[in-house]
Amino acid sequence: MMQTLEPILAEHPFFKGLKSEYLQIVTGCASNVRFNKGTYIFREGEEATQFYLIRQGKVALEIFAAQHGPITIETIEAGEVLGWSWLFPPYRWHFSGRVFEPTRAIALDGKCLRTKGEADHDLGYELMQRVAQIMLDRLNATRIRLLDIYSDLPGGKL
Amino acid sequence: MNTTLPKLHDRVVIDREHLQELFVALASKGYQIVGPTVRENAIVYDTLVSVNDLPIGYTDEQDGGTYRLKKRSDKALFGYAVGPHSWKKFLFPPVIRLWQARREGNGFEVVPENTEAPKLAFLGVRSCEIHAISIQDKVFMRDDYSDPTYRSRRNSLCIIAINCGEAGGTCFCTSMETGPRATSGFDLALTEVLSNEQHFFVVEVGSQLGSELLQTIPFRAASKEDIQIAENIVTQTAEHMGRSLDTTNIKDLLYRNLDHPRWDDVASRCLTCSNCTMVCPTCFCTTVEDVTDLTGEQAERWRKWDSCFTMDFSYIFGGSIRPSTKSRYRQWMTHKLASWIDQFGTSGCVGCGRCITWCPVGIDITEEVRAIRASESLSTQATKEQQ
Amino acid sequence: MTAPLLDPMVPKQYRIQRIHREIPDTFTLELEPKDGCEIPQFATGQFNMLYIFGVGEIPISISGDSNKRRPLVHTTRAVGTVSKAMRDLKPDDIIGVRGPFGSSWPVKQAEGKDVVIAAGGIGLAPLRSVMYHIISHREKYGKAVLLYGARTPADILYRRELELWRAHFDLEVYVTVDRATGSWRGSVGVVTRLIPRAPFDPQNTIAMVCGPEIMMRYTVAEFEKRGVAKENIYVSMERNMKCAIGMCGHCQYGPNFVCKDGPVFPYIKIESLLTKWEI
């Protein structure tokens, strides 16, 4: 008998504490994926149909700058969540996702989850809450990086 | 010449005309006498040669930001409170060289300073000042390290205390439990008694040295009346304090109120002139300066009084930790009244009132504490009403 | 020969054996006493006051191995008058040393537990001695984890050593940069993000944190979030120092003298101060 992804999802920090009935629903939108080093999982501007719970490996969020080539904004690693554009219009990726280290992840069908969330707003609320938490954490982390606290400039010693 | 010396805690009486003998006795024992004298319209501490150097017939009128020397109607020797100087300038000199160094090859040779100091006798030390000295003792003479400059002066120090007959306009020693009566830490403690017919001193013996000094000074045993008169004088003084400070749980009060709006209020008045730290008898902050001569062959390290009110007191690369006036005033006051207790086991304040008198804008530490205490209870009241 | 009793206010002459340029504006000094005496024993996290003849004196953390008696090693950034003059010194030049001063990292309390070192930027320097200590007493500790955040890959301090340590089977080393450049394929992000995944048991861990104050605040919060008790988190503070013996008053941080009660503090002791402005 094939093992379902439900226990794996339950383990991932993103779905921690989600009611088992919702977990079942969500599992219906989930699939196991792996990516080789160097693969572009998605590209800037593409339709954001999925998001990924990273179980192992490292994915870089990249932006392409003319004359400089791709620049890594941030790396997403085990236990973290890659992608939230699936939840908000226009449902397009803001960055590209390049695999730095062989990666195993759970892919979740964005459209599938959006539809389920529309149908059951309580589930929708649970998903929104979790995505909001990720955005909050990323925003705070980004703010700290903006401060450039290790900088040599006067005032950089914080 | 007296053959039977008084014992510890004995009280004797010395007449006014014999007080000069105290100067002679101290000098003959090799002491350099420093004490109060009039200079530049204030009573300061300087070298004294004879009893006539004392501020005879002077008193002071003090209030927030105000100090006036006034003539008395009598010839009291010690009829005033405290002036801008404190005794710390003798034990903890404002400027000293720590060492010199000479360039040798590609290195240098350090020549430590000789920390020997003259034997000092402080004449006219108020009770609050004795407490201030013992507070600084805890700072400069620790179990793990003693400042050699302070220690050499302190160990040979003779203290002739004076029990206050006048409470100053900014005094609050009773609030800080540091006076007005000197209870310990002196060799002799004098209480000046001056009435129409008589002028004498009731003297308490505080040490073996005090007893020995009396050997060459004419005295008589103090009668019960003499002792009573002396105690009444001090009691009177205690009842006329110019200020008061409620020290109930003051450490927690200030620690709890580091963000109180009162700090902004005082910051709008404070000039960060650092007068308060200079006149305060317990402030001990210093800085270190490394200097060379023009040839670059000789270097010296100097230690100088510093103040937490200066802009670069707290400077580390990138800027000062306390750039604002508010943070610096808060640092001074919370250190003096609160952190000091955690650091040294006592308050850092002795209630001498100098910081109030010598603040050019008259900031009053007792008022600041009162304001924080009062509005703290008001704000808890407000919260209760809202509920 | 054993070192004579030292006056803590008088610098002792040390000869520079080696100056090693680490990353831009950061350098390491290796010192030996000019008279060949023993170097006083130091504990990890302590600092010395280093004096340049006629220029001045600054506090610098000791970044060497406390189990090796020589040389005496310091790493610092060249950001002020004295440190810049220090960077321009040559081998055989003489520096004055006073110390060691200050409190130390809790390497004894950490025995039998997991150890997590979280360092940001130059903050890795005072923590390097902890790594050395753990490596030479490896059997006394559980998991040993180093989390390090630097500005860019070019600003990674002690890069060679980090790579060496990472190669140990019994050490976990995670490095992240705030901003990626060139061909960096490592982690990109704030150092706090390394904490949720780091392999240690929060119930049985001592965490040691050093870096810019902002980084320490957020790192401590992240450790707490992961379940590490306040009493098991230690930080290293920095303040203006003139005497280093708790008498000049400059380094006061609340009631604490950073030179004497610190620079290493258990978080629980300064918890209320860490978030206060201008204290």
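Chain C of this predicted model falls into two domains: domain 1 covers 12–101, and domain 2 covers 114–236. Taken over C-alpha atoms, the centres of domain 1 of chain C and domain 2 of chain C lie 24 Å apart. The contact between these two parts draws on 14 residues of domain 1 and 15 residues of domain 2. If we look at the side of domain 1 of chain C that touches domain 2 of chain C, we find nine polar, three charged and two nonpolar residues.

Let me turn to the partner chain. Chain B places 37 residues in contact with 32 residues of chain C. On the chain B side, the elements that give two or more residues include helix 3 (127–140) and helix 11 (325–344), together with strand 6 (95–104), strand 7 (107–112) and strand 13 (286–292). Strand 15 (315–316) of chain B is also one of these elements. By class, this side of chain B consists of 20 nonpolar, 12 polar and five charged residues.

I come now to the interior. In soluble globular proteins, nonpolar side chains tend to be buried together. Here the largest nonpolar core has 222 residues, and those that touch the most other members are I160(B), I117(C) and L147(C). Leaving aside residues up to four places away in sequence, I117(C) touches L127(C), V130(C), M131(C), V145(C), L146(C), L147(C) and M208(C).

Finally, a word on confidence. Chain C has a mean pLDDT of 95, with 98% of its residues at 70 or more. For the model, ipTM is 0.94 and pTM is 0.92.

Note on methods. Residues are numbered from 1 along each chain as its sequence is written. Chains are lettered from A and ligands numbered from 1 in the order in which they are written. This is a predicted model: local features need pLDDT of at least 70, side-chain atom pairs count only at pLDDT 80 or more; totals for chains, interfaces and linings use all residues. Domain bounds come from an automatic or database domain assignment. Two residues are in contact if their C-beta atoms, placed from the backbone, lie within 7 Å. Ala, Val, Leu, Ile, Met, Phe, Trp, Tyr, Cys and Pro count as nonpolar, Asp, Glu, Lys and Arg as charged, and the others, Gly among them, as polar. Helices (H or I, at least four residues) and strands (E, at least two) are DSSP runs, numbered from the N terminus. pLDDT is the predictor's confidence in each residue, from 0 to 100. A nonpolar core is a set of buried Ala, Val, Leu, Ile, Met, Phe, Trp, Tyr and Cys residues joined through C-beta atoms within 7 Å. A residue is buried if 20 or more other C-beta atoms lie within 10 Å of its own, exposed if 12 or fewer, and partly exposed in between; C-beta atoms are placed from the backbone.
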